[in-house]
Amino acid sequence: MVADLVARGITDEAVLTALRSVPRHGFIEGALDAEAYLDKALPIQSGQTISQPFTVAYQTQLLKLRPGMKVLEIGTGSGYQAAVLAVMGMRVFTVEIDRRLYLEARSRLEDLGYAVNCQHSDGSSGWAAHQPYDCILVTAATPAVPDALRNQLGIGGRLVVPVGGLTSQRMMVVTRLAKAEFQSEILHEFKFVPLRGKYGFQTG
């Protein structure tokens with residue numbers, strides 16, 4: 001799996017080491033064990049997915065992480081991305097809107113020994129109690145960059161978020177240059193499940 005990531009352009013050794021370390025099969029249903037290390041998204045509970053390894057590696061690499069950074073993840077899902085961040089030495093805060101996913105991910109992360117702060121709430125509004133963050137990672141598609149997340153970045157902080165419609169999005173990196181100054185970079189196309197909540201997609 002990691003060799004495939006290198007072939008597709010993942011160069012951050014800390015990211016690659018984390019992907020080698022975290023057992024992806026521990027974050028999916030047992031019936032899918034044979035597919036755990038294929039580069040594909042897999043279904044989890046509540047109609048959500050665990051992102052393909054390349055997507056996890058790509059988003060994580062875009063954060064430009066250094067050990068000890070405070071990172072907010074929006075969309076805990078299975079907990080896999082949060083575990084990758086924890087292995088890399090981050091102070092991880094993760095928010096999940098779906099209660100079932102939140103409870104399962106929190107229990108799984110605790111059982112596997114990953115130090116992650118979990119919360120059940122509307123992640124599209126962030127987690128203001130622990131701001132500012134060095135980095136924010138959104139693991140679901142949003143129609144626009146939520147100001148609530150942008151404003152929880154510290155100066156110099158980076159927000160990585162897929163932005164677009166329901167069928168496809170472009171990865172965006174937002175850097176906070178000053179209190180009211182942001183710089184945005186639009187990158188490759190991806191397809192994520194929609195972000196739910198106040199600043200996500202209103203799908204009824």
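How many of the eleven residues of H3 are buried? Eleven of the eleven are, so H3 is largely enclosed by the rest of the structure. Here buried means under 20% relative accessible area, exposed means over 50%, and partly exposed lies in between (1.4 Å probe, protein chains only). The helix spans residues 53-63, and its buried residues include Pro-53, Phe-54, Ala-57 and Tyr-58. Helices (H or I, at least four residues) and strands (E, at least two) are DSSP runs, numbered from the N terminus.

A word on the model itself. It is a predicted one, in which local features need pLDDT of at least 70 and side-chain atom pairs count only at pLDDT 80 or more, while totals for chains, interfaces and linings use all residues. Residues are numbered from 1 along each chain as its sequence is written, and side-chain values use heavy atoms, with hydrogens and water left out.

Now for the partner of H3. Two packed helices are described by the angle between their axes and the distance between the axes. H3 packs with H4 (residues 80-87) at an angle of about 45°, and the two axes are 11 Å apart. That makes H3 oblique to H4; angles under 35 degrees count as roughly parallel, over 145 as roughly antiparallel, 65 to 115 as roughly perpendicular and the rest as oblique. Axes are lines fitted to C-alpha atoms, for helices over the stretch in contact, and angles run from 0 to 180 degrees between N-to-C directions. On the H3 side, Val-56, Thr-60 and Leu-63 meet Tyr-80, Gln-81, Val-84 and Leu-85 of H4, where contact means heavy atoms within 4.5 Å. This set of contact residues splits into five nonpolar, two polar and no charged. Ala, Val, Leu, Ile, Met, Phe, Trp, Tyr, Cys and Pro count as nonpolar, Asp, Glu, Lys and Arg as charged, and the others, Gly among them, as polar.

Most residues other than glycine have a negative phi, and most peptide bonds are trans. Lys-64 sits in the loop between H3 and strand S3 (70-74) and counts as exposed, at 55% relative accessibility. Ser-46, also not a glycine, has a positive phi of about 60°. Its loop runs between strand S1 (42-43) and strand S2 (49-50), and Ser-46 is partly exposed, at a relative accessible area of 33%. Finally, Gln-131 and Pro-132 are joined by a cis peptide bond, with omega about 0°. Pro-132 belongs to the loop between strand S5 (116-120) and strand S6 (133-138).
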